[in-house]
Amino acid sequence: MGRYPAGSPGWRDKVTGQANYGADFSLPGMITGRVLRSPHAHARIVSIDTTEAGKLAGVRAVVTAADFPDLPSEVVAGGESPVNYRYISCNAIARDKVLYEGHAVAAVAAISAGVAEQALKLIRVEYEVLPHVIDVRDAMRDDAPLLHDNLYTEGVDPKPTKPSNIAKRTEFLLGDPAAGFAESEIILERSYTTQPVHQGYIEPHACVASVAADGMTTVWSSSQGQFMVREFCAKLLKIADSDIRVLPAEIGGGFGGKTTVYLEPLAIALSRKSGRPVKMVMSREEVFKASGPTSGGVLQVKLGARRDGTLVAAECELAYQAGAFPGSPAIPGCMTAFACYDIPNARTVGYDVVSNRPKCAAYRAPGAPMAAFAVESALDELALELGMDPVELRLKNAAKEGTRALYGPKMPVIGFVETLEAARAHAHYNTPLKANQGRGIASGFWFNIGGQSSAAVHINEDGTAEVVTGNPDIGGSRASMAIMAAEVLGIDYAKVKPLIGDTASVGYCFLTGGSRVTFATGKAVVEAANDVVQQLRARAAKIWKCEVDEVIWKDGVAHPAQGQTDTRTQLSLAEIAASAARTGGPISGKASLNVGGAGPGFGTHLCDVEVDPETGRVTVLRYTVIQDVGRAIHPGYVEGQMQGGAAQGIGWALNEEYVYDDQGRLQNSGFLDYRMPVASDLPMIDAVLVEVPNPAHPFGVRGVGEVPIVPPLAAVANAVARASGVRVNDLPISPPRLLAALMK
Amino acid sequence: MVEVDADTCQALIERMDERFPGFADAIATGVAVAIDGQIYPDPLQQDLRPDSEVCFLPALEGG
């Protein structure tokens with residue numbers, strides 16, 4: 001790739017406070033929306049009386065579920081995977097029952113936040129409080145309180161006749177696990193638990209919605225996909241896609257948590273009712289209580305191996321908490337659990353389980369970190385029992401090109417072995433440790449995805465260019481788009497301005513997630529830029545009065561093709577752009593693709609910790625992330641993704657958890673009590689970029705954002721076990737929990 | 001593993017539906033396809049080689 005500055009387009013705005021996030025937007029006549037939320041973990045809504053709230057001076061609108069279409073419960077195609085819009089609707093505003101503390105019950109729009117909050121107190125809701133269930137194991141019991149009377153477990157035969165909190169059972173099978181275990185010389189079986197953890201984005205959910213008199217709806221919001229917001233709001237409110245325009249705000253973190261809607265449909269309903277633009281912003285408490293964390297899980301792992309370390313058989317059963325509505329990432333958990341390894345006989349079984357918690361949402365590599373925690377921890381114990389180096393054990397069994405994955409296909413070109421070899425050769429792996437210190441290693445996998453993306457490249461009169469795509473920039477993707485366009489056009493990166501279009505100004509793009517944007521949208525950018533290059537060659541041919549085939553494009557300049565003997569003048573992009581009006585008009589290229597061939601990603605992490613045997617406190621001393629990144633378009637941002645994922649995974653391993661009281665009410669809905677790692681908790685995280693190009697992308701790109709959160713849970717746990725001699729299989733490994741284990 | 005004569009993924013799905021009625025409906029939503037190890041979100045558009053291996057798997061998203 002060519003030269004480019006270290007920062008991203010827009011970085012100045014971010015560091016100087018000029019960037020416009022969701023809460024920064026204002027419109028004339030705008031009013032403020034607030035949400036009334038359930039104080040109960042589980043209750044039937046007997047009645048809602050909004051009369052007094054509606055009469056309060058300054059209140060412009062009050063809405064309840066009665067203001068939204070009562071959608072059928074059905075799974076339909078949506079985005080890149082199936083969606084049940086009833087679940088999304090009933091999560092945005094409760095219908096008949098509240099299913100968790102914080103569940104939205106009504107919303108008010110008023111001339112000020114104070115008036116809106118006063119109005120909330122005037123809404124009378126009569127509840128019939130029901131027994132609740134928080135823990136996934138309790139929710140799976142036959143006598144557990146049922147969240148949904150019409151939820152029957154899918155994936156079991158015969159079809160159940162009684163409803164259950166288990167929404168779905170899924171199984172993946174390869175070979176004959178029973179035979180594999182029978183021929184194993186060593187079998188290791190362990191149980192693990194992980195806690196639901198929040199994505200912890202700094203910017204709370206925020207939006208402004210304005211419904212015009214003709215019904216045309218405009219939404220400004222912070223999300224991971226303006227097209228997702230349009231699609232979900234259109235379905236929830238039965239509005240035509242063409243009657244909603246969604247403009248993306250700058251986004252202050254998402255990590256998967258902004259791949260759905262919470263406030264937007266409420267703001268639209270309030271605006272429609274009041275005739276005024278409505279702004280809604282969640283508080284941090286609302287973010288914790290009413291937006292989705294990722295699932296916690298209960299996992300059992302069984303590994304069978306020969307004495308030489310060859311894995312012969314493996315099984316994993318996992319139950320993931322979905323929160324109030326089905327949709328935990330149990331399936332990707334099953335698919336990723338053993339994806340790093342070539343195991344001829346394997347089975348995974350997953351359960352998607354509802355309980356009285358906020359509906360879970362995506363979080364980096366959904367489902368994979370929990371499964372990797374279990375499998376990679378068990379592998380570490382296996383290495384100890386076999387007396388093998390943990391890197392050598394992984395190398396002996398590592399998946400390579402052609403390895404059959406448990407979920408079906410053979411692996412394409414991948415770079416897992418290269419990450420293990422880099423780990424083994426890294427200075428970190430060979431540095432001596434002191435007393436109470438330990439080193440953990442763990443690996444991880446994520447599929448990476450492609451999907452639908454559009455891009456347009458416009459050439460300006462002065463030879464500069466705009467690249468327009470439809471993906472919010474949550475990890476530096478604007479820089480990547482500009483770099484790839486500049487590379488194809490052959491011009492300086494500084495001359496390319498990347499922009500994020502709204503839903504009316506660029507073709508459809510699936511949301512920013514799944515580590516897809518630099519790969520899939522980047523491929524659309526490359527095609528759009530190639531389209532421009534073809535047009536530039538045609539313009540040069542027109543000027544030179546020759547055939548297009550006689551013009552080649554190199555380094556931003558049209559040249560006569562090799563073999564031509566005349567001495568025609570070269571034409572730069574700027575020169576061709578300046579004469580565009582006389583050679584056919586504006587020069588613009590575009591591409592809309594449904595991109596396949598995302599190259600799977602693998603990473604291996606090294607973690608050194610020190611354990612204080614008197615307090616149980618764990619200090620992370622050194623951390624190295626090694627990852628196959630395909631080809632790094634902007635290495636700085638790739639390193640940032642790797643460091644960020646590791647930091648979040650370390651928090652997941654050591655401190656983060658939701659604490660509920662016996663009434664199912666969340667006790668730690670703020671950053672003071674929900675302990676995410678901050679800069680002073682962590683060492684500088686080293687990032688080692690292994691580049692095994694993905695042959696399905698013109699520049700070899702693989703997604704990089706998901707993989708780095710997969711290994712840290714086990715890397716930290718393995719380090720703690722080796723430092724302390726005590727293995728904690730229940731996350732988080734917080735000081736009280738580790739101290740209790742040390743004192744046993 | 002099932003062997004089917006087809007030169008496109010769409011033809012393969014039609015052949016599979018003839019042999020296993022309901023197959024096409026079952027994969028109409030929420031399914032991705034891997035052809036020779038590469039996962040594609042739009043199976044109908046993909047051509048197949050004579051020895052191609054096709055796997056159907058749950059559609060994937062991410063965070």
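Domain 2 of chain A and domain 3 of chain A bury about 1200 Å² between them, with 69% of that area on carbon and sulfur atoms; buried area here is the accessible area, found with a 1.4 Å probe, that two parts lose on being put together, summed over both. The structure is a predicted model, in which local features need pLDDT of at least 70 and side-chain atom pairs count only at pLDDT 80 or more, while totals for chains, interfaces and linings use all residues. Residues are numbered from 1 along each chain as its sequence is written, chains are lettered from A and ligands numbered from 1 in the order in which they are written, and side-chain values use heavy atoms, with hydrogens and water left out.

On the side of domain 2 of chain A that touches domain 3 of chain A, the residues divide by class into 8 nonpolar, 7 polar and 1 charged, where Ala, Val, Leu, Ile, Met, Phe, Trp, Tyr, Cys and Pro count as nonpolar, Asp, Glu, Lys and Arg as charged, and the others, Gly among them, as polar. The centres of these two domains, taken over C-alpha atoms, are separated by 39 Å. The domain assignment, which is automatic or from a database, places domain 2 of chain A at 297-448 + 599-743 and domain 3 of chain A at 451-595, with domain 1 at 29-130 + 203-252 + 258-290.

The table sets out the two interfaces. Contact means heavy atoms within 4.5 Å; a salt bridge is a side-chain nitrogen of Lys or Arg within 4 Å of a carboxyl oxygen of Asp or Glu; and a polar contact is a pair of N or O atoms within 3.5 Å, of which, within protein, one must be able to donate a hydrogen and the other to accept it, residues adjacent in sequence counting only if both atoms are side-chain atoms.

| Interface | Residues in contact | Buried area | Salt bridges | Residue pairs in polar contact |
|---|---|---|---|---|
| Domain 2 and domain 3 of chain A | 16 residues of domain 2 with 16 residues of domain 3 | about 1200 Å² | 0 salt bridges | 5 residue pairs |
| Chain B and chain A | 19 residues of chain B with 37 residues of chain A | about 1900 Å² | 1 salt bridge | 5 residue pairs |

Between chain B and chain A, 63% of the buried area lies on carbon and sulfur atoms. B:Leu60, B:Glu61 and B:Gly63 supply 32% of the area that chain B buries against chain A, more than any other three residues. The salt bridge joins A:Arg404 to B:Glu53, whose closest N and O atoms are 2.6 Å apart. Strand E2 (38-40) and strand E3 (54-58) of chain B are the elements that give two or more residues to the side of chain B that touches chain A, and that side has 10 nonpolar, 6 polar and 3 charged residues.

Chain B itself contains 2 helices and 3 strands, helices (H or I, at least four residues) and strands (E, at least two) being DSSP runs numbered from the N terminus. Its 63 residues have a radius of gyration of 11 Å, which agrees with the value near 11 Å for a compact globule; this radius is taken over C-alpha atoms, and the globule rule is 2.2 Å times the number of residues to the power 0.38.

In chain A, the peptide bond from A:Asp157 to A:Pro158 is cis, with omega near 5°, and A:Pro158 is in the loop between helix H5 (136-139) and strand E9 (166-174).
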